[in-house]
Amino acid sequence: MRKKPKKQLMIFSGRSHPGLAQEVAALIGTELVPTSAYNFANGEIYVRYEESVRGSDAFVIQSHSAPLNDAIMEHLIMIDALKRASAKRITVVMPFYGYARQDKKHRGREPISARLMADLFRAAGADRLIAVDLHTDQVQGFFDGPVDHLMAQPVLSDYVSAKYGHEDLAVVSPDAGRIKVAEQWSKRLGGVPLAFIHKTRDINQPNQAVANRVVGEVRGRVCVLVDDMIDTGGTITKAADALKADGAKDVIIAATHAILSPPAAERLRDCAAREVIVTNTLPISPENEFEGLTVLSIAPLISAAIKEVFEDGSVTSLFGGRA
């Protein structure tokens, strides 16, 4: 007896960023699967789905926000629950990939935690991974399965182009290592000039860097300072101040992941930047909101990627074949 398989898309959300997951589900035209999740008194996490998931194409959305390790553990437990409930395919959707910065060894006796993360999700039962703006491209190779690396650059650059396209712009990388990203930004903004900040960082002191000098012509221009994440805000605000001191007309900060660990909000509010543009890959608490902060939704991009994966289409097509 032959039976034609029926595909069923189901979307699940952890507790770290349910607002984003609800927006994604609404754009796809479905609802989140009802889920019971709570913590025991000792901190252990319990998850149970309130309806059958057997044979489903499951997409599990969880952004690794603070408390980071709790969010990751809940994500892993959700995947294990789906595997044991006979989901047909499990796709992990992590708008922000925790531990992505630890992608190589700087010194002896250090871990490569980004690889460990990939191994954990594979062992839990994940078949596929969708992430937004990984810290480095090489993290894609850590997961033993298909990885769809989504880029927030079109979302951010379209906003910048619409609002500041009439200005004399320059795209600035906060360090030499992200020049390739800045080049892509430059192309999307019509070939505007490039610059970067020469900085030094003490490997013994995380989240601390010194902006030494600006390399490139920024005088009289509105500088778009681009990065993948803002954690404590020290690096990006020092870079903004350095650009202003070097004669930039104005500074616009554009970053995908607004981690905003204290005292990031205060630093960004008080720095030389006119506007800080981020996406909602991570939830932003009310105390981290400030005048000049613009939050763009990443949900349309994630929902489009989920549709392509479910329909066996091309995620690369969302980025003009460049992804």
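Strand β12 (residues 250–258) is mostly covered, with nine of its nine residues buried; buried here stands for under 20% relative accessible area, exposed for over 50%, and partly exposed for what lies in between, using a 1.4 Å probe and protein chains only. Strands (E, at least two residues) and helices (H or I, at least four) are DSSP runs numbered from the N terminus. Please keep in mind that this is a predicted model, in which local features need pLDDT of at least 70 and side-chain atom pairs count only at pLDDT 80 or more, while totals for chains, interfaces and linings use all residues. Residues are numbered from 1 along each chain as its sequence is written, and side-chain values use heavy atoms, with hydrogens and water left out.

What does β12 pair with? Strand β11 (residues 222–230) runs parallel to β12, and eight bridges join them; two strands pair if DSSP finds at least two bridges between them.

Let us turn to helix α6, which covers residues 234–245. Its 12 residues reach 17 Å from the first C-alpha to the last, close to the 16 Å expected at 1.5 Å a residue; the expected span is 1.5 Å times one less than the number of residues. The buried residues of α6 are Gly234, Thr235, Ile236, Thr237, Ala239, Ala240, Ala242 and Leu243. An α-helix has 3.6 residues a turn, so residues three or four places apart point the same way. After α6 comes Gly247, with a positive phi near 100°.

Next, the open sheet. Five strands make it up in the order β1-β4-β5-β6-β7, with parallel pairing. At its edges are β1 (9–13) and β7 (147–150), each of which pairs on one side only. From one strand to the next, the twist averages 15°. Helix α1 (residues 18–28) packs on this sheet and touches β1 and β4, its direction making about 165° with that of β1. Contact means heavy atoms within 4.5 Å, and axes are lines fitted to C-alpha atoms, for helices over the stretch in contact, with angles from 0 to 180 degrees between N-to-C directions.

Within the sheet, β4 (residues 57–61) and β5 (residues 89–94) run parallel and are joined by five bridges. Asp57 has Arg89 as its bridge partner in β5, and Ala58 has Ile90. As for cover, five of the six residues of β5 are buried.

Is Ala152 buried or exposed? Ala152 counts as buried, at 0% relative accessibility. Leaving aside residues up to four places away in sequence, Ala152 touches Val132, Asp133, Thr256, Thr279, Ile298 and Leu301.

Finally, the aromatic rings. Rings of Phe, Tyr and Trp (its six-membered ring) pair if their centres lie within 6.5 Å, with planes under 30 degrees apart counted as stacked, over 60 as edge-to-face and the rest as tilted. By this rule there are four aromatic pairs. Among them, Tyr38 and Phe40 are edge-to-face, at 5.6 Å centre to centre and 75° between the planes. Tyr38 is partly exposed at 38% relative accessible area, and Phe40 is partly exposed at 40%. Together with Tyr46, Tyr38 and Phe40 form one aromatic cluster.
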